[in-house]
Amino acid sequence: MMKRMACIIAICMGALSHATQALADSTTLNFVAAATGEDAGPQDGVFDQFLPFNLGSVNNNGWTSFRTAFEFDLSGIPAGATIVSAQLIMDLSNFDGTRTIELHGYAGDGTVQLADLARTGLLAKVSVDASGTQRFTLDVTSFVGGLAASSQKFAGFNVREEPANEVNYTVMRLEGIAQGYFPRLSVEFSPEKKVDIDI
């Protein structure tokens, strides 16, 4: 009798697992807002102006800092969904010296404000060599999952150079941002649904 009960439970668990997997879905989001700003030298941590003609620039020479921020609309992800995976994909060009960038996350509102460029929430730190345009895929699953769980509608990110480079190297640049197709946020999620299983 116990063996039969254990077998039935195992079958039910297997069916539930398959049903849950079948419910998994994915989406790739384009950003809905982006801006580059300048903390004019001497830096004080407060960004002074947007730089629309330098959209995508990232640089910190110890005197002046350029940062770029962008936001994604999460409203298409169903309420109550579990975030299985979230990957931020971005292309960055660097032709001069090995540099280090940081990715910070924040709860956005669909519009980049100057203050968003200074917001902190370190998600990743990446070394960038001088080989030209490189693609980075950064795991932001926990961050996006936390936003979804608290019903936040926008995921905001800012990219900065930290620490400052030792000399005034060429400004790094996020590629594709001016054209609107990079960065992208690839999200896999499982909607919250009740599954009826007939045994």
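I take accessible areas from the Shrake-Rupley method with a 1.4 Å probe, and for residues only the protein chains shown count as cover. By that method the protein chain exposes about 10,500 Å². Carbon and sulfur atoms supply 53% of that area.

**Ground rules**

I am reading a predicted model, in which local features need pLDDT of at least 70, side-chain atom pairs count only at pLDDT 80 or more, and totals for chains, interfaces and linings use all residues. Residues are numbered from 1 along each chain as its sequence is written, and side-chain values use heavy atoms, with hydrogens and water left out.

**Overall layout**

I looked up the secondary structure first. Helices (H or I, at least four residues) and strands (E, at least two) are DSSP runs, numbered from the N terminus. The protein chain has 2 helices and 12 strands. Along the sequence I read the pattern α-β-β-β-β-β-β-β-β-β-α-β-β-β.

Next came burial. I call a residue buried under 20% relative accessible area, exposed over 50% and partly exposed in between (1.4 Å probe, protein chains only). Of the 199 residues in the protein chain, 42% are buried.

Then I checked contacts, meaning heavy atoms within 4.5 Å. I took contacts between residues at least 6 apart in sequence; 80% of them join residues at least 24 apart.

**Strand β6 and its partners**

I followed β6 (residues 82-94) next. Strand β6 is mostly covered, with 10 of its 13 residues buried. Strands count as paired if DSSP finds at least two bridges between them.

- β6 and β9 run antiparallel, joined by 8 bridges.
- β6 and β12 run antiparallel, joined by 7 bridges.
- β6 and β11 run antiparallel, joined by 3 bridges.

I then looked up single residues. Leu-88 has Leu-138 as its bridge partner in β9. In β12, Leu-88 has Leu-185 as its bridge partner. Leu-92 is bridged to Leu-174 in β11.

**Strand β11**

Which residues form the covered face of β11, and which the uncovered one? In β11 (residues 172-175), Met-172 and Leu-174 make up the covered face. Arg-173 and Glu-175 make up the uncovered face.

I also found β4 (residues 57-60) joined to β11 by 2 bridges, running antiparallel. Arg-173 is the bridge partner of Ser-57. Ser-93 also stands opposite Arg-173.

I listed the buried residues of α2 (residues 141-149): Thr-141, Phe-143, Val-144, Gly-145 and Leu-147. I note that an α-helix has 3.6 residues a turn, so residues three or four places apart point the same way. The cover over the buried residues of α2 includes β6, β7 (99-107), β8 (122-128), β9 (132-139), β10 (154-161) and β12 (184-190).

Ser-151 follows α2 and lies in the loop between α2 and β10. Ser-151 has a positive phi of about 60 degrees although it is not a glycine. Is Ser-151 buried or exposed? Ser-151 counts as exposed because its relative accessible area is 54%.

**Largest pocket**

I searched a 1 Å grid over the protein atoms alone, where a pocket is an open set of points with protein on both sides within 12 Å along at least five of seven lines, the probe is 1.4 Å, and lining residues have an atom within 4 Å of a point. Volume is the space filled by probe spheres set on the points, which are joined across faces, edges and corners.

The largest pocket has a volume of about 180 Å³. Its lining includes Leu-74, Ile-77, Pro-78, Ala-148, Ser-151 and Lys-153. I sorted the lining residues into 7 nonpolar, 4 polar and 1 charged. In that sorting Ala, Val, Leu, Ile, Met, Phe, Trp, Tyr, Cys and Pro are nonpolar, Asp, Glu, Lys and Arg are charged, and the others, Gly among them, are polar.

Phe-31 sits in the loop between β1 (25-30) and β2 (33-39). I count Phe-31 as buried because its relative accessible area is 14%. Leaving out residues up to four places away in sequence, Phe-31 touches Phe-70, Glu-71, Phe-72, Ile-177, Gly-180, Tyr-181, Phe-182 and Pro-183.

Pro-183 is in the loop between β11 and β12. The peptide bond from Phe-182 to Pro-183 is cis, with omega near 0 degrees. I logged another cis bond from Gly-41 to Pro-42, with omega near -5 degrees. Pro-42 is in the loop between β2 and β3 (49-50).
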